[in-house]
Structures are given as C-alpha cells and as structure tokens.
Amino acid sequence: MTTKAVDLPHLRSVVLAGHAGAGKTTLAEQLLFKSGAIPRLGRVDDGNASLDFEAEEQKRKESLGVAVASLEHGGYAITIIDTPGYPDFVAEVVSGFAAADSALIVMDASSGIEAGLETAVGLARSVGHPACFVIDKCDRENADPSSALDALRAAFGTKIAPLQLAIGAADAFSGYVDLVHRKAWRFDGRTEVEIPIPNELAGEVARRRDQLLEAAAEADDDVLTKYLEGEEISDAELEACLRKGVKESVLAPVLVGSAHAGIGLRGLLDAFIRYLPSPAAEGPASALDRTGKAVEVAPDTLVAARVVEHQA
C-alpha cells in the first residue's frame with residue numbers, strides 16, 4: 001500500500017483488544033487484505049499472518065506483542081494496533097491503548113464475558129477511550145451472537161448499543177442487518193450483497209433497534225425527547241447521536257461478523273469511519289516545555305509524538 005498524506009479528520013487509530021483466541025489477529029489480517037494493504041491473506045494457524053511476524057509468535061501461533069499496520073478505506077487512513085490476549089502480556093495491551101485514539105474490543109460469539117475482554121473494557125474506561133465491540137466467530141460451532149450481545153448488556157449496561165443483528169448463527173450465519181439504516185447484507189462467498197431484511201427477523205430487528213435508539217438518545221437531549229415521545233428519528237440524526245455518544249463514551253456500539261470467513265468486514269471499516277473519532281476531535285493537550293512553562297500541544301503534534309515513541 002502506498003502511504004499518502006491525510007489530514008487529521010481522515011485519520012483513525014484503533015487498538016484491537018480482547019481475550020486470547022477471540023480472533024483479533026485474524027480480524028486484522030482480513031481487514032488489511034480486504035482494503036488491499038497486503039497482497040495475500042495469511043493465517044495465524046499457518047504461521048504466516050502479517051502481524052505475527054516474530055519467530056516465536058509464528059511457532060506458538062499466538063500474538064506475544066503489539067503489532068501495528070495501516071490501511072486505507074474510503075479516503076481514510078486507518079491504523080490498526082493488534083495486541084495479545086494472554087494476561088502475561090498485559091503491558092503490551094496497555095501500550096497499545098496509549099498509542100490509539102479508539103478501541104475495538106473483540107468477543108468470541110461462542111463464549112461469555114471472559115477475563116481478557118473485561119481487562120480491555122477496564123483499560124478503555126481508565127484512559128477514556130471511545131470503544132466499540134465486535135462479536136466475532138459468529139459462524140463457529142455453538143456460536144450465539146444474540147446471547148453474546150445480551151451478555152455484554154448484562155455485564156456493562158444499556159450503553160451497549162447493538163449496531164448490527166446477525167442473520168443466522170453457527171453454520172447458518174450468513175450476514176447481518178444494519179440497524180441504523182435498516183438494510184440487510186449477506187455474504188455470497190466473495191462479497192457482501194444487499195438483500196431484503198428476512199421476515200423472520202422483523203420482531204428481533206424492531207427490538208434491537210429500540211435498544212440502539214435508547215442508548216443513542218442518551219447522547220442528545222433533542223433526540224431523547226423524540227424517542228420518549230415516539231417520534232421518528234432519521235438515519236442522519238441517529239448517526240450523529242452515535243458519533244457524539246461514542247466520542248463521549250456514553251455508548252459502545254456492537255457489530256457482528258466472522259473474521260475467519262470474511263463476513264462483516266465492510267461494515268466494520270465503515271463503522272470506524274462513521275462513528276470513531278479522529279485525532280482532530282481530541283483538542284489540544286496541556287504539557288510543560290523545557291523551562292517548565294505550561295503550553296498547549298496541538299493534536300497533529302500529539303499524533304506525531306505517538307508515532308515517534310512507538311518507532312523508538
């Protein structure tokens with residue numbers, strides 16, 4: 001991929017965190033391949049995933065440290081910071097959070113709330129990072145994306161906002177419903193194609209969209225009034241609410257997919273752009289110069305400093 005200059009509003013940096021084995025590195029590999037950043041798709045189990053480049057990682061078939069890669073999507077430059085899931089390497093996860101503006105917390109659809117996921121949520125809260133979740137491995141045996149979403153809401157409250165609804169589960173998982181725009185997408189083996197929302201999901205779509213609206217309304221008083229009075233909330237209003245709510249950590253959207261099968265990648269990349277904040281949204285930071293005088297540091301300087309620190 002050719003790197004080109006991009007202004008701050010068109011930058012995103014996302015740390016991937018979660019329990020060991022949730023699929024973080026496979027997801028990163030698929031996103032890089034989908035966007036054209038790498039020419040071939042590697043696999044963790046084959047020892048040739050792009051971000052597991054250390055010999056020991058390839059031997060053990062697991063991430064042991066932080067790995068960074070960049071991709072382009074829709075005119076935006078997105079930096080992905082992959083982190084290990086095992087608690088022995090939590091220092092690496094902490095450094096990954098320090099280098100990113102946002103967090104994507106990866107959950108296995110066939111598991112409950114695991115320790116690595118709780119650690120990731122705790123880190124996101126401690127550093128004040130906007131975060132979203134992706135329920136991965138929805139095509140895995142015993143996967144239950146709906147129960148996984150309910151587990152997230154039970155553990156972390158109604159601020160967990162379903163952005164997508166899985167179509168099927170385990171062997172029957174084939175796509176998702178976009179609850180914001182009320183569109184359905186099915187993976188045909190090569191790409192995601194739009195389909196009518198399946199009739200059998202109509203009730204579940206209505207229930208999950210109401211959960212989304214309830215969470216989003218907390219970010220905007222006008223939208224909250226509309227929600228309480230039963231008025232229609234437009235897609236544009238809902239998108240704006242989600243952006244504001246994510247930036248202020250009022251809510252955390254939840255997406256679904258299968259990194260192994262390549263399902264949900266486009267929707268995830270679009271969500272990075274639509275809902276996660278850019279460095280320009282941070283505003284200046286306070287610091288001390290060499291003389292001890294208080295100064296303000298601009299966002300572009302902070303981004304440059306993070307890159308230099310990581311490279312060091």
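In what order do the 4 strands of the open sheet stand, and is their pairing parallel or antiparallel? The order is β7-β8-β9-β10, and the pairing is antiparallel. Before I continue, please note that this is a predicted model, in which local features need pLDDT of at least 70, side-chain atom pairs count only at pLDDT 80 or more, and totals for chains, interfaces and linings use all residues. Residues are numbered from 1 along each chain as its sequence is written, and side-chain values use heavy atoms, with hydrogens and water left out.

Two terms apply throughout. Strands (E, at least two residues) and helices (H or I, at least four) are DSSP runs numbered from the N terminus. Two strands pair if DSSP finds at least two bridges between them.

I turn now to strand β3 (residues 76-82). Because 6 of its 7 residues are buried, β3 is largely enclosed by the rest of the structure; buried means under 20% relative accessible area, exposed over 50%, and partly exposed in between, with a 1.4 Å probe and protein chains only. Strand β1 (residues 11-18) runs parallel to β3 and is joined to it by 6 bridges, with Val 15 partnered by Ile 81. Strand β2 (residues 67-73) runs antiparallel to β3 through 7 bridges, and Ser 70 stands opposite Thr 79. β2 and β3 form a hairpin with 2 residues between them, and Gly 74 in the turn has a positive phi of about 60°.

Lys 137, however, has a positive phi near 60°. Lys 137 lies in the loop between β5 (131-136) and α5 (145-156) and is partly exposed, at a relative accessible area of 22%. Arg 182 likewise has a positive phi, of about 55°. Its place is the loop between β8 and β9 (183-187), and at 36% relative accessibility Arg 182 is partly exposed.
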